Amino acid sequence: MKITADTNVLVRAAVLDDPTQGALAVAALIEADLVVAPLPALCEFVWVMIRGYKRSAQEVAAALRTLAASASVVVDRPAVEAGLALLESGGDFADGVIAFEGRRAGGGVFTSFDRDAVALIAATGGEARLLG
């Protein structure tokens, strides 16, 4: 079976805090011929793991790298790497993904009111502009 993994499936498989759902999530991921992990689900995964489960950015980055390295898992690797670069630099995974997606679609300059995001995007090689 080919599946698209929702955020809650990824989280349950990673934290195993609910024995029944954790086992079902792990089984679904292992048994699938193909697992698609869309960018929105990955952005939510990072947010939930850091904010809700108080995991470190390093732990979450390692979990994402493990997931993406699986032969049966399909992710947008360039976008995930951009998100991981920002996450591992102290920023938000989603901001890295947003900046990457914007550049890929033709929007060369990441713009935001978030000083930290703008600084980290610029520090990791992207063009960024602080509004306001």
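What is the volume of the largest pocket? In this predicted model, the largest pocket has a volume of about 230 Å³. Its lining is made up of Leu10, Ala13, Ala14, Leu29, Val35, Phe45, Ala63, Thr66, Leu67, Ser70, Ser72 and Val73. Two helices, α1 (7-15) and α4 (57-69), each supply at least two residues of this lining. By residue class, the lining of the largest pocket holds nine nonpolar and three polar residues. No charged residue takes part in the lining of the largest pocket.

The second largest pocket has a volume of about 170 Å³. It is lined by 13 residues. Val46, Trp47, Ile50, Asp92 and Phe93 lie nearest its centre. Both α3 (39-52) and α6 (93-104) supply at least two residues each of the lining of this pocket. The largest share, five residues, comes from α3. The lining of the second largest pocket divides into eight nonpolar, two polar and three charged residues.

Helix α3 also packs against another helix, α5 (residues 77-87). The axes of α3 and α5 come within 11 Å and cross at roughly 20°. Because angles under 35 degrees count as roughly parallel, α3 is roughly parallel to α5. The crossing of α3 past α5 is right-handed. On the α3 side, the contact is made by Leu39, Leu42, Val46 and Ile50. On the α5 side, Ala79, Val80 and Leu87 contribute. The residues of this contact comprise seven nonpolar, no polar and no charged. Val46 and Ile50 of α3 belong to the contact with α5, and these residues also lie among those nearest the centre of the second largest pocket.

Methods:
Residues numbered from 1 in each chain as written. Predicted model: local features only at pLDDT ≥ 70, side-chain atom pairs only at ≥ 80, totals over all residues. Heavy atoms only, no water. 1 Å grid on protein atoms, 1.4 Å probe; cavity = no way out; pocket = protein on both sides within 12 Å on 5 of 7 lines; lining within 4 Å. Points joined across faces, edges and corners; volume = space filled by probe spheres on them. Helix = DSSP H or I, 4+ residues; strand = E, 2+ residues; numbered from the N terminus. Nonpolar A, V, L, I, M, F, W, Y, C, P; charged D, E, K, R; others polar. Axes fitted to C-alpha atoms, helices over the stretch in contact; angles between N-to-C directions. Parallel < 35°, antiparallel > 145°, perpendicular 65-115°, else oblique. Left-handed = near helix turned anticlockwise from the far one by under 90°. Contact = heavy atoms within 4.5 Å.
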